[in-house]
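Morning, everyone. Please take a look at the chain on the screen, and then I'll walk you through it.

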Amino acid sequence: MASGVDRISALPDDVLHHVLGFLPAQDVVQTCVLARRWRGVWRSVTSLRFTGANGWGSNDRFAQFVDHLLLHLWCAGGLDAPLDTCDFDFDSDGFMQSPANEQHAGRWIHQLVSRVRALRIRVVEDFMEPSPLFQDLHPVSQHLTRLELIGVGVNDKVVDFSGCPALVELNMEDCDVFLQKILSPSLKHLRIARCYASEYYRILMSLPALVSLELIQFHRGRVPLLERLPQLDRAIVVLNEECNDQCYQDRFDGCGDESETCDGCYYYYGDPEYPQSEPFYDRNNSIFLKGLSEATCLELSAEYDVIVFNRDLRWCPTFTKLKTLFLNDWCLAAHHNALICFLQHAPILEKLTIKLSKTPPRVIETEGVYKPLGQSVASDRLKMVEIRCANVDMRVHKILSVLTTYGIPLEKINIQHTSRIPGSECFNFVCTGFS
């Protein structure tokens, strides 16, 4: 500045476009008044960020700005190439509380979906249900590779991404996903976290190219029904007490109640009074685990009364590619029913981790739905079993007994003890004997 040299304006266009990508769209447009060099830079930006109506004085002014900007960029000789990213962030500014503004937002998104590589929509409204921006989601785009939805309602019978052959990543958080089907021949990474789904039916997922799957803590709803996932490498499933696949009688595999006193079991295969138009439940087959049977890395965590994993053990598949497995307390019910099942159905397993809660879960013990095949030897490739616990209690003793019974020597079992005292360090040890 002392020399009067404008070094920022001397930067190449691609560097300036990268810098402008971090600014709200209205600030990007205003750079045209900085100097002659900047007059046309904004017209070739590679990213757009819309941060909501805060600071605009009114929702109408913000809506008019977005309308005019998109019209100028594409209909008045603006951008030729697709945008790299576009973000819509409606963060508690009241904009989406108006049906008219929801229609505005829906129109913008449908305009952009075919002209952007990565699209992110975030709607956070205090005390509001997710905004239903996607009522008929059958997008067509040759460019879209990543879609992130936060606080958005996706309420339709079928969500079909077949018209987006480049789409590889879909992330949904805090969304309504009252769907019957999700279809995509190209999707590789799917993350659904803290979402709401129907308690009366399951979402059928047809995703043959899927490589990674994360299903984290449904606020309400049931786990989906998975078609075959031949490319699946890694899956993380965390089911908490909000999941509808739980037994209200505290039975680890369901109480079989034919009345409506236990909704978790009564609606397990859908609402018998209002069946889906296209039922795809096979009562004599796995609901969920079969779809994960070709994964190489699995993390399955659940509350003690979530029944879907244990019920699937009746028809336990063989996990032919599974090398790494993480389980929590749910696998210990009914005399370690699930743990034994995995040991006998994962022929190339290399690492097993069992994480125990600080206090044993309460569950009504019953006979396991899976019947062990006898003292079969676990995978001869198994290198390590890790038990993570706050206390070395009777649960650890029983696990050691089961593991050694099924052919796992003590020297391969590592116990990671986590102290309850804040600030205390963990320590690991290998058990050389127990009684």
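Let me start with a term. A salt bridge is a side-chain nitrogen of Lys or Arg within 4 Å of a carboxyl oxygen of Asp or Glu.

Now the ground rules. This is a predicted model, where local features need pLDDT of at least 70, side-chain atom pairs count only at pLDDT 80 or more, and totals for chains, interfaces and linings use all residues. Residues are numbered from 1 along each chain as its sequence is written, and side-chain values use heavy atoms, with hydrogens and water left out.

First, the overview. The chain has eight helices and 20 strands. Those are DSSP runs, numbered from the N terminus: helices are H or I with at least four residues, strands are E with at least two. Of the 435 residues, 51% are buried. Buried means under 20% relative accessible area, exposed means over 50%, and partly exposed is in between (1.4 Å probe, protein chains only).

Back to salt bridges. The structure holds 20 of them. Take Glu 169 and Arg 146: their side chains meet at 3.2 Å, N to O. Glu 169 sits in strand S8 and Arg 146 in strand S5 (residues 146-150), so this pair ties together parts 23 residues apart in sequence. Glu 169 has a relative accessible area of 28%, so it is partly exposed. Arg 146, at 27%, is also partly exposed.

Next pair: Asp 89 and Arg 122, at 3.0 Å, N to O. Asp 89 is in strand S2 (residues 83-91) and Arg 122 in strand S3 (residues 116-124), so parts 33 residues apart in sequence are tied together. Asp 89 is buried, with a relative accessible area of 18%.

Which residues are linked in a network of salt bridges? They are Asp 89, Arg 120, Arg 122, Arg 146, Glu 148 and Glu 169.

Contact means heavy atoms within 4.5 Å. Asn 171 lies in strand S8 (residues 169-173). Is Asn 171 buried or exposed? It counts as buried, because its relative accessibility is 9%.

One more pair. Arg 228 bridges to Glu 294, with the closest N and O atoms 2.7 Å apart. They are 66 residues apart, and each is in a loop. Arg 228 is exposed at 59% relative accessibility. Glu 294 is buried at 13%.

Now the inside. The largest nonpolar core has 126 residues, and Phe 50 and Leu 292 touch the most other members. A nonpolar core is a set of buried Ala, Val, Leu, Ile, Met, Phe, Trp, Tyr and Cys residues joined through side-chain atoms within 4.5 Å. Helix H3 (residues 59-75) gives the largest share, eight residues. Among the residues that Leu 292 touches are Leu 213, Val 237 and Phe 319. In soluble globular proteins, nonpolar side chains tend to be buried together.

For Cys 265, the nearest cysteine sulfur is that of Cys 262, 3.7 Å away. Cys 265 is buried at 10% relative accessibility, and Cys 341 is buried at 0%. Thanks, everyone.

Conventions. A disulfide is a pair of cysteine sulfur atoms within 2.5 Å. Lists of a residue's contacts leave out its neighbours within four places in sequence.
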